[in-house]
Amino acid sequence: RARLNPAVPLPMPVRGAHANSDARASHPRRVLRAWLDRGLGARELARDGVALAVGSLVGAVMQTALQVVVARQTTLADFGALATVMVWTNALEMVTTARSGELALQTVGRDLVLSDTARARATAVALERHERHVYGAVYLAAAAIGWLMAGPLGLRQPWYVAGLLLSLPAQAGYGVSKAVFIASGRVREQARFEAAFWAATFVCGAGGTLAAGIPGYIAGLVVANAFKSWLARRRTSALLPRDVRDAEAARHLAEREAAGWGAFGWHSLVRNGLNYLAGQVDLLILSAFAGLEAAAVYKVAKALATMPARASGPLWAAVRPRLLTAWHAADARRVRDLVHAPTVAMAMALVVAAVPTVWFAGDVLAAVYGPRYAAAATPFLWLLAGTLCFHTITGWFGFWVVVAEQAGGGTLVSAVYLGSAALGGLFIGRGSPVHMAAVVAAAAVLASVGAWGLFLRHLRRLGAAGAGRSGG
């Protein structure tokens with residue numbers, strides 16, 4: 001049996017009184033107690049979650065501060081043109097870098113968890129070379145299309161597109177480094193690294209803006225991303241020790257595996273693209289059919305409804321290295337607990353918070369945003385219910401799809417979410433924020449059911465494989 005990553009502890013068996021009390025306890029309490037008793041690292045998980053939350057907070061503060069600097073140092077027209085271009089460049093950057101990270105997790109992360117460092121290094125080298133080609137091709141194509149579309153879109157500075165997109169080739173290879181951080185269980189180190197990157201982004205971006213305006217801002221972003229990729233590669237290369245004896249065999253394995261990277265990459269691009277569109281299509285439909293005022297009310301409701309998902313993000317990120325190790329160990333029981341225990345804990349917390357949320361939502365919105373936005377209370381509650389179903393208690397799904405190599409199933413779930421939200425929005429929700437919010441909530445519930453069904457089916461298969469491995 002392959003050796004596993006020592007940074008992530010393996011489960012311990014439940015014996016004696018604890019096992020008996022678990023059998024008598026209610027299901028939520030039994031799941032949470034089993035999570036603690038089997039040594040799944042609740043305290044370490046909490047520490048990792050806090051570290052990631054602090055890193056995310058630093059990133060949000062730095063991004064906001066940089067936005068303030070750029071807005072104050074540029075004209076309203078220039079800042080509006082920059083913001084318009086960044087809507088599209090950020091979307092392209094999101095789906096491209098997500099593809100890189102997912103591919104690295106499925107290959108390099110797997111090899112590290114199974115302690116096959118020779119193959120991990122060979123795969124990392126091959127994958128970095130592959131990513132440089134992909135990022136270069138995407139940059140050239142996107143820059144050319146952006147330049148040609150600048151006229152029809154009314155952009156006075158078409159070079160903004162080419163400049164901002166330089167951040168793509170600057171990040172080539174970072175997905176491999178991030179996968180090494182996760183697979184090695186160095187979550188807190190990754191959190192510190194991300195916080196430092198955002199601080200460096202603020203320094204470079206703000207300094208460039210003050211020195212040369214928007215061109216300096218764009219140059220600062222590119223420099224910060226290139227420095228991040230270089231430093232991450234240097235730091236993680238020490239975690240991939242060279243094994244000269246197995247290097248040649250590992251290189252051949254990596255080259256054979258590279259033949260399937262293209263198909264996985266397309267699934268990743270499509271899935272993340274669908275998720276991005278699903279997050280925007282409701283607002284676009286509503287603004288087109290119900291007007292800008294209805295869109296403004298809906299935008300406020302939607303922004304507030306995403307808060308639980310953002311709050312749960314660090315916890316699910318801390319679960320990732322443990323889930324990666326447990327899945328490749330074919331430990332179905334531990335995989336189940338790693339997913340179920342946080343889900344049950346979140347559900348219990350949300351039940352407690354439900355009554356005051358429903359009771360005071362309208363008053364709080366009116367007090368914070370003004371009386372005009374009191375009407376956002378009902379859409380907020382609908383959207384909150386949908387967000388809790390698909391983005392909070394199923395926050396593990398995007399990562400699990402990659403680990404379990406279920407790219408097709410993940411793409412199908414994302415397509416169902418987007419399709420139901422778009423079609424329902426066009427035929428039912430386009431008239432008002434309340435109707436649109438109800439449609440989106442129903443789409444989220446449908447997608448959540450699909451995600452859980454896919455997970456439970458493959459969890460049973462994993463359990464059967466683990467039992468067969470033990471019997472063999």
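Mentor: What follows starts with the rings, then turns to the core and to a few other places.

This is a predicted model, so a word on conventions comes before the tour: local features need pLDDT of at least 70, side-chain atom pairs count only at pLDDT 80 or more, and totals for chains, interfaces and linings use all residues. Numbering runs from 1 along each chain as its sequence is written, and side-chain values use heavy atoms, with hydrogens and water left out.

Start with the rings. A pair of aromatic rings is described by the distance of the centres and the angle of the planes. Rings of Phe, Tyr and Trp (its six-membered ring) pair if their centres lie within 6.5 Å; planes under 30 degrees apart count as stacked, over 60 as edge-to-face and the rest as tilted. The structure holds 14 such aromatic pairs. One of them joins tryptophan 327 and tryptophan 400. That pair is edge-to-face, with 5.8 Å from centre to centre and 85° between the planes. It links distant parts of the chain, 73 residues apart. Tryptophan 327 belongs to helix α15 (residues 307–328), and tryptophan 400 to helix α18 (residues 397–403). Helices here are DSSP runs (H or I, at least four residues), numbered from the N terminus.

Buried means under 20% relative accessible area, exposed over 50%, and partly exposed in between (1.4 Å probe, protein chains only).

Next come tryptophan 396 and phenylalanine 397. They form an edge-to-face pair, 5.7 Å centre to centre with 80° between the planes. Tryptophan 396 is buried at 3% relative accessibility. Phenylalanine 397 is buried at 6%. Now put the pieces together. Ring pairs connect Trp327, Trp396, Phe397, Trp400, Trp452 and Phe455 into a cluster.

Some of these names return in the core. A nonpolar core is a set of buried Ala, Val, Leu, Ile, Met, Phe, Trp, Tyr and Cys residues joined through side-chain atoms within 4.5 Å. In soluble globular proteins, nonpolar side chains tend to be buried together. Here the largest core has 82 residues. Those that touch the most other members are Val108, Val335, Trp396, Phe397, Trp400, Tyr417 and Phe455. Helix α20 (residues 433–471) gives the most to this core, with twelve residues. Leaving aside neighbours within four places in sequence, tyrosine 417 is in contact (heavy atoms within 4.5 Å) with Ala278, Phe390, His391, Val440, Ala443, Ala444 and Ala447.

Glutamine 171 sits in the loop between α7 (167–170) and α8 (174–183). Glutamine 171 is buried, at 6%. Its side chain makes a polar contact of 2.7 Å with the side chain of glutamate 93. Such a contact is a pair of N or O atoms within 3.5 Å; within protein, one must be able to donate a hydrogen and the other to accept it, and residues adjacent in sequence count only if both atoms are side-chain atoms. Residues up to four places away aside, glutamine 171 touches Glu93, Thr97, Tyr135, Asn225, Lys228 and Ser229.

Follow lysine 228 from there. Its charged end sits over the ring of tyrosine 174, 4.3 Å from the ring centre. The charged end of lysine 228 also sits over the ring of phenylalanine 197, 4.4 Å from its centre. A charge sits over a ring if NZ of Lys or CZ of Arg is within 6 Å of the ring centre and within 35 degrees of the ring normal.

Finish with helix α13 (residues 281–289). Its buried residues are Val281, Asp282, Ile285 and Leu286. They share one side of α13 because they cover an arc of only 125° around the axis. That arc is taken from the directions from the helix axis to the C-beta atoms. The face turned away from the buried side of α13 carries the exposed residues Leu284 and Ala288.

Key
Helices (H or I, at least four residues) and strands (E, at least two) are DSSP runs, numbered from the N terminus.
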